[in-house]
Amino acid sequence: MFIGMALGIMAAVVWASYGIAQKVLLRTISPGRIMRFIYLAGALALTPLSTPSAFLELDPLQTACLIFACINTIVAYGAFSTAMKNWHAAKVSAVVTTTPLFTLGLEALGAMALPQVFPLEHLGLLSLLGAVVVVLGAMGIALGPMLHLPHKRS
């Protein structure tokens, strides 16, 4: 459990650092250039750990899922980068925090449609409580400015 918590904390720190660095870089570099650099750096860093022959062992559904994941990554991070350029970082972060919730929802739909292909992950009470906190936090960031009423000057 400690390793999982440590990885989660490290992921949060890396993600926050990435967001801050990207927000600073977007002042002088286009979102497309930043993302091309990140994709290239990631590909070069992960190439020594890859096993290209594993692609030949994928069945058609796995191949389709892999292609979808590749396209989804390019589109999603391109949209994220553009959002970072145009929105405040707090709003972008609020939207990004909902990603795991969509993942869990789509996992549940997949398990209902094809339970033999997509087994349902059973979540504990702590995980469900965390999901509620994430939703409330995202709602607070998104709706918070609307709750501030203008002060009457006397």
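# Pockets and helix packing

Student: Which helix gives the largest share of the lining of the second largest pocket?

Tutor: Helix 2, with six residues. Helices here are DSSP runs (H or I, at least four residues), numbered from the N terminus. This is a predicted model, where local features need pLDDT of at least 70, side-chain atom pairs count only at pLDDT 80 or more, and totals for chains, interfaces and linings use all residues. Residues are numbered from 1 along each chain as its sequence is written, and side-chain values use heavy atoms, leaving out hydrogens and water.

Student: Which helices supply at least two residues of that second largest pocket's lining?

Tutor: Helix 2 and helix 3 each do. A pocket is an open set of points on a 1 Å grid over the protein atoms alone, where a 1.4 Å probe fits, with protein on both sides within 12 Å along at least five of seven lines; lining residues have an atom within 4 Å of a point.

Student: How much space lies in the second largest pocket?

Tutor: About 330 Å³. That volume is the space filled by probe spheres set on the points, which are joined across faces, edges and corners. The second largest pocket has 13 lining residues, and Y39, G42, A43, L46 and T73 are the closest to its centre.

Student: OK, the largest pocket. How much space lies there?

Tutor: About 470 Å³. There are 17 residues lining the largest pocket, and N72, A76, Y77, V96 and T99 are the closest to its centre.

Student: Which helix gives the most to the lining of the largest pocket?

Tutor: Helix 3, with seven residues. Helix 4 (89-96) and helix 5 (99-113), like helix 3, each supply at least two. By class, this largest pocket's lining has 13 nonpolar, four polar and no charged residues.

Student: New topic. At what angle do helix 2 and helix 3 cross?

Tutor: Roughly 135 degrees. Helix 2 covers residues 31-46, helix 3 covers residues 60-86, and their axes come within 9 Å. Axes are lines fitted to C-alpha atoms over the stretch in contact, and angles run from 0 to 180 degrees between N-to-C directions.

Student: So what is helix 2 to helix 3?

Tutor: Oblique. Under 35 degrees is roughly parallel, over 145 roughly antiparallel, 65 to 115 roughly perpendicular, and the rest oblique.

Student: Which residues make the contact of helix 2 and helix 3?

Tutor: P31, M35 and Y39 come from helix 2, and T73, I74, Y77, G78, S81, T82 and K85 from helix 3. Contact means heavy atoms within 4.5 Å. The residues of the contact of helix 2 with helix 3 are five nonpolar, four polar and one charged.

Student: And at what angle do helix 3 and helix 4 pack?

Tutor: About 150 degrees, with axes 8 Å apart. Helix 3 and helix 4 are therefore roughly antiparallel.

Student: Which residues meet between helix 3 and helix 4?

Tutor: F80, A83 and M84 in helix 3 meet A89, V92 and V96 in helix 4. This contact of helix 3 with helix 4 has six nonpolar, no polar and no charged residues.

Student: Last pair. How far apart are the axes of helix 1 and helix 2?

Tutor: 10 Å, at an angle of about 140 degrees; helix 1 is residues 2-25. Helix 1 and helix 2 are therefore oblique. Y18, Q22 and L25 in helix 1 meet I34, M35 and I38 in helix 2.

Key. Nonpolar A, V, L, I, M, F, W, Y, C, P; charged D, E, K, R; others polar.
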